[in-house]
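I opened a new notebook page for this model.

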Amino acid sequence: MLSDPLYPLHPILNSQALLNAYLSGGSTGILPSWADAKQQVYLAEWRRRPDWPDHLHRKYQDALLGCGVGNQGGPDAGLGNGNAGSSAEGPLAEHLFALFERFHDRYLEWHGLRLCVKRKHFAAWQGELAELSPLPFIAFGLWRRYGRYRDSYAERKAYSQHLEPFRHSLLIGPHSQLLEKLGRERGYNDPHVHLNGTTEADAVWLHALDRYGEFSADLKQQFTSGPDPDALKLNEVQIARELLLQIDVTLTPELLLERIRIARRLRHALCFWAYGHTKSPEALHANKGNTQPNLQTIIAGGWPQGTEQPVWRYHPLRTFGAEPPGASPTMAELAMYIRLYDILGDRRHTLRPQVARALHLYLLILNGTFLPICVQKIAYKGFDQFQKFTVSGARNSVENGYEARFHQIGPKAHADVRIFEGRFAPKADRQKLISLLSKIIKGYRSYLLALENGGAAMGQTPEPLPKDTIELSQKTQGLQLRLTAHFIKKNELRTKMPEREHRFARLRNDLDKQWRHLDFARRTFPAARYFINSIDAASNELHTPPEVFAPLYRCAREAGLSYATYHVGEDFNHLVSGIRAVKEAIEFLDYRPGNRLGHATAIGIAPQLWLERMPQTIHMEKGEWLDNLVFAWSVLRAEPEFHGVVAKAEDEITRLVQQIYVGLKVSDSELLGLVLAGAAPLLHQAWQLRHLDPRYFDDKGPQLGSMSAHERALHIDAKKDAPIAYQVRRFYETPRCVKTSGEKTLIQSDFFPAAALVKMQQVVLQEVCRRKVVIETMLSSNVSISFYRGYGEHHLRRWLGLDPTFKDEPRPTIILASDDPGIFATNIRNEYAHALRLLHKACDVKVGDAEKTLIDLMKNSETYSFREGGTV
């Protein structure tokens, strides 16, 4: 039984050093020993806790990594060269089996017929999911409860019912009578899910093994910049390669694919050892002409013949007549592990040494190479890290279709997830957009028909966006799909700006095209109009400010698409930058009651915690820092306790104005006068005009129908009401201002004390509440991306009024969501489980009060879900 939740054991199953030792040993015959495995555990924890003396580490190792069952050869015995029958390999089988047993016993338990995560270790389990696949441990739980997986068809069919709960998903959670009751009675709504990034890592892995040709082609394309790449594509390729280097400094796309090919051969060998060796050679057509497998020939590619074909449309168990009838790929993989545990748990089994070696290497490739390109670790902070997973290419192939994702979220009729608000990125090409929408809606239609017909596949329709999907959706007991078009922020200012061009000129033009095509689809196809009911702007908010999307949101509202949300305050260079961005989103996008904000972490995180986690100084662009100073000045100037901070900010504003606004087209005397009088009021007034579309400064601009006249009217009014501020706003868009404001400056992180930061948060929170704006909160996503080290620090407790540090604050309306279930290894059920654990553990809330809080959150998700058609 694991005794200490902090000491890591996962390096045994995901260490790059062990993996590389295996792969090099394929040619040398020298394979890693159990002592090598223990050393990786020591090194991982030593890096995390260098202040511990070695003897303390060793004692924890002795307690946690005992000798295993039987201890043949001692805990540190060498494990031989991996040849079949090598008795020196015995200890690995002992230790590997014991390791599965320890992980299972620490984290998992049965409640009736459900395998669950132990509630007290749920947060630790969540962290393990970024390090290890849950599949072997779930299989171990099934093996221990139901026994061996037998050969006959009748027995395999009977065993399938035990595997069925894992047909579509492996994301199990803790047992909770309260959550089960609420799921049955009210149902969960997931109001913020990115369709790309939903597929669980194990499904991606099995797809890569079974359809290697598709996977490898997509991965190679993702890592290729093409003959004439733009800066944005080059940046995508660069950060995708950076992710591989974070995993292993030697890892390349080619090496990644080679390891996947080795894993395919290993899986075939494991299935052969589990089943094939008992059958006649004539029955094993896939093994004709092959000798008995061993690790060296498997690694080298010499065994088995015929497994290099790019597509296997079924699990290797089928080759040996051992696949569960009607099984999904996940169920077949579970069956393979369960049979392997029969071998590992039997000391007398002659194949035990080979199986242990091959399984260990198989898991090292899965956990050490593949999982890290699919799931974000909690230690990988910031949206830049998250973005690497979105461009890694790992999910491109498996997520070409959509039906499987709907089954993953709502696996059966009367499931506890009711409303699923999926997000997709509109295309700048009309046909590509229609094709994308067709895939999504047809995938949803297939899902609905499968539920209606007990899982049976149904015929397709030639209609691109079939109208009958609306009726099917209205009467289904499965997921209710709603779609949000999320437009993508881009880092355009890193590229050189042509003369006479304004900020984000290309992105603004792309948004126009995307909107026109989306509007056409909604006007042309009833299914598009029914399902697409809201817009969003997503991706890295450090790249694009809210003002760029203001014309788009006005166009959408004018077209009757009133529901809107916006990713903001999720990641930020300085806390004031994030607070200001939230204010800009609700101000510049003209937020109305029922509109939503995605994340808004900047107005929830405790400023003192943020200050403690930041370095003393930060390099920032002068323009961003100036905007922060002006925003802070506007909030704090009326507060007597912050007069000193305001005076310091005014001095800094004066200094930066003289550096940034060089060449402003007002007379030198006017500019000097503004500086002497204090530039803050003027700059604040100009900042309030950021919602203006700069393409209409010269009375030109794009042709947007009636919206063109509206945009021009906004300019006319601003120029009339605030002529000097209008001129400053206009200069802000020039290449000269972009250059000077993009220069770096070094600032103190604590330029604003914690109390001033709290005040800014509270002012924006008050505005959020006044406008009746709703905040989408995603605990696992925030813990991974933001400055938190665990769920107990999350700001949900502050927003619920349960944090004693923040009393008498405005309390915003909150809804829970999952964000990217595949990348963060979560789902909406588990997000509610994390919230419940936070209420009990960090907030000491009683059971009855916790139930009321969760019911309120569920009611919010019902009340503020985006409805069909898109009109509030």
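My entries follow.

I noted first that this is a predicted model, where local features need pLDDT of at least 70, side-chain atom pairs count only at pLDDT 80 or more, and totals for chains, interfaces and linings use all residues. Residues are numbered from 1 along each chain as its sequence is written, and side-chain values use heavy atoms, with hydrogens and water left out.

**Cysteines.** I looked for disulfides (pairs of cysteine sulfur atoms within 2.5 Å). I found zero. Then I asked: is Cys-271 buried or exposed? Buried means under 20% relative accessible area, exposed over 50%, and partly exposed in between, with a 1.4 Å probe and protein chains only. Cys-271 is buried, because its relative accessibility is 0%. Cys-555 has 9%, so it is buried too.

**Sheet.** Strands (E, at least two residues) and helices (H or I, at least four) are DSSP runs, numbered from the N terminus. Two strands pair if DSSP finds at least two bridges between them. I traced an open, parallel sheet of eight strands, ordered 3-4-5-6-7-8-11-12. Strand 3 (188–194) and strand 12 (813–816) are the edges, each pairing on one side only. On average, neighbouring strands are turned by 25° against each other, direction ignored. Axes are lines fitted to C-alpha atoms, for helices over the stretch in contact, and angles run from 0 to 180 degrees between N-to-C directions.

**Strand 11.** Strand 11 (residues 774–777) runs parallel to strand 12, joined by four bridges. Val-774 stands opposite Thr-813 in strand 12.

**Helices.** Contact means heavy atoms within 4.5 Å. Helix 25 (residues 575–588) packs on the sheet and touches strand 7 (563–568) and strand 8 (596–599). Its direction makes about 160° with that of strand 7. Helix 39 (residues 847–863) lies across strand 3 and strand 12, at about 90° to strand 12.
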